[in-house]
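Here is a short note for a colleague new to this entry. Please keep the structure open while reading the points.

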Amino acid sequence: MQIRQVAIIGAGTMGASISVAVASAGYEVLLRDVSVDALQQGLQKIDKMFQSLVRKGLAEETAQRHRARIKTVTDYSELADADLVIEAVLEKIDVKTAVFRELDRSCKPSCILGTNTSSLSITEIAACTNRPDKVVGLHFFNPAHLMKLVEVVPALQTSQSVCERTLEFARSLNKLAVRVEECASFLVNRLLGRYMGESLWVLQEGVATIEEIDKAVTDYVMPIGPLALRDMNGADIGLAVARFNFQEYGERFRPAPLLEAMVAKNWLGQKTGKGFYLYDPETKKRTVPNGSIAELILPSSTPPAAFNPQRLFLPMINEAFLALQENVCAAEDLDPALMAGLGMRRGPLELAEELGLANCLEQTEKLFASYGERFRPAPLLKRYVRAGRSSILKREGQLAAASN
Ligand SMILES: NC(=O)c1ccc[n+]([C@@H]2O[C@H](COP(=O)([O-])OP(=O)(O)OC[C@H]3O[C@@H](n4cnc5c(N)ncnc54)[C@H](O)[C@@H]3O)[C@@H](O)[C@H]2O)c1
């Protein structure tokens with residue numbers, strides 16, 4: 001069955017930008033929120049996004065044609081003909097399951113029900129419907145109309161054909177669609193979490209300054225430093241995510257006390273004008289690093305040495321090997337997903353090959369000896385090194401060739 005009509009539930013930050021992405025690919029969009037007011041606010045965001053696309057070169061009449069495909073609805077009964085639903089309401093399991101029960105009652109039996117959750121269990125959401133085989137994670141990145149990646153996350157119950165159709169749909173939006181098996185934070189945010197967390201330990205231990213960390217990392221492969229990014233997203237959001245990952249994965253995701261202290265001081269970043277950097281109250285632009293952070297930083301016990309950004313990427317590489325070991329995604333999808341999701345210039349597997357797998361293991365083991373669990377080497381990385389492999393994708397290629 002062809003997908004023509006797509007319902008989007010929730011007209012907030014994500015629902016609005018997903019609506020723009022979906023309507024721009026030629027689909028009819030039905031947008032629902034809890035009130036006419038919330039829908040109006042959603043439409044204002046949508047109009048601003050189209051205006052910004054026009055400023056960047058989209059023809060005015062094309063923007064109008066796309067915009068005209070978005071209609072608002074207030075009642076679930078109006079979703080009876082939808083072929084696909086993308087839910088983007090609050091990140092609360094009770095709210096999501098209530099929405100999915102309504103959708104299950106109102107949508108036709110063939111309709112696929114997708115959720116844009118970042119952290120909740122897709123399997124649990126699927127289980128509250130009478131069509132668990134047709135429920136799937138459809139994880140867009142913010143802003144969805146500009147970001148290239150969509151993680152398609154099947155629940156334990158999702159049928160193969162629903163997963164494939166959802167991947168096909170995401171590709172039809174001109175996105176990189178990657179199948180990711182269900183795990184906390186999915187693929188990209190899981191790997192990002194290890195790297196973000198390590199940047200805080202490095203700062204807290206006095207190994208490098210705010211500016212040294214951000215500069216070393218942007219010079220290496222990232223479009224923005226981890227501390228500037230933490231300020232953009234908010235330390236409170238960062239702490240909630242870090243606590244969630246810590247609860248799901250254990251010690252290696254333990255939040256750095258520095259992050260807890262920043263939240264306690266309300267140094268949340270851009271939204272409070274003060275985080276790792278200070279922000280101009282008028283222009284909201286970043287000015288200088290927040291000097292008061294010095295009071296939260298321990299004096300370094302090691303002699304100062306030039307900060308090496310590998311300290312942040314080795315945990316990300318190690319997490320990539322753990323994810324591959326768990327078959328969270330195909331090896332060939334991992335780097336493209338990280339590059340599309342985070343704007344990295346090279347993905348973690350390419351970085352690992354560049355550094356040398358044996359060297360990555362040796363460095364990780366040294367850090368494990370100094371810092372403990374955060375750096376326990378992934379068993380799969382050890383196996384690659386023991387096998388004398390220098391390339392990760394080559395092995396996958398050989399396996400594919402062997403199975404043909
Ligand atoms: N913001 C991000 O960067 C981001 C990125 C990826 C995924 N997500 C996920 O997307 C989802 C939405 O996040 P957001 O940032 O857009 O939130 P948001 O708070 O901006 O928007 C949520 C919207 O849902 C509406 N809503 C609440 N209950 C509803 C209901 N019963 N029916 C219809 N609408 C309802 C609210 O009125 C609001 O407009 C969450 O699951 C979040 O985890 C967010």
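1. Start with the buried residues of helix α2. They are Ala-38, Leu-39, Gly-42, Leu-43, Ile-46, Met-49, Phe-50 and Leu-53. Seen down the axis of α2, these buried residues fall within an arc of 135°, so they line one face of the helix. Keep in mind that this is a predicted model.

2. An α-helix has 3.6 residues a turn, so residues three or four places apart point the same way.

3. Now turn the helix over. On the other side of α2, the exposed residues are Asp-37, Gln-44, Lys-48 and Arg-55.

4. What do the buried residues of α2 pack against? Their partners are α1 (13–24), β2 (28–32), α3 (60–68) and β3 (70–73).

5. The length of α2 checks out. Helix α2 covers residues 36–55, which makes 20 residues. At 1.5 Å a residue it should span 28 Å, and its end C-alpha atoms are 29 Å apart, so the two agree. Just after α2, Gly-57 has a positive phi of about 125°.

6. Next, the domains. The protein chain is divided into domain 1 (5–179) and domain 2 (187–404). Their C-alpha centres lie 30 Å apart. Domain 1 gives ten residues to the contact, and domain 2 gives eleven residues.

7. How much area do domain 1 and domain 2 bury between them? The figure is about 770 Å², with 66% of it on carbon and sulfur atoms. Leu-149, Glu-151 and Val-178 supply 40% of the area that domain 1 buries against domain 2, more than any other three residues.

Note on methods. Residues are numbered from 1 along each chain as its sequence is written. This is a predicted model: local features need pLDDT of at least 70, side-chain atom pairs count only at pLDDT 80 or more; totals for chains, interfaces and linings use all residues. Side-chain values use heavy atoms; hydrogens and water are left out. Helices (H or I, at least four residues) and strands (E, at least two) are DSSP runs, numbered from the N terminus. The expected span of a helix is 1.5 Å times one less than its number of residues. Buried means under 20% relative accessible area, exposed over 50%, partly exposed in between (1.4 Å probe, protein chains only). The arc is that of the directions from the helix axis to the C-beta atoms. Contact means heavy atoms within 4.5 Å. Domain bounds come from an automatic or database domain assignment. Buried area is the accessible area (1.4 Å probe) that two parts lose on being put together, summed over both.
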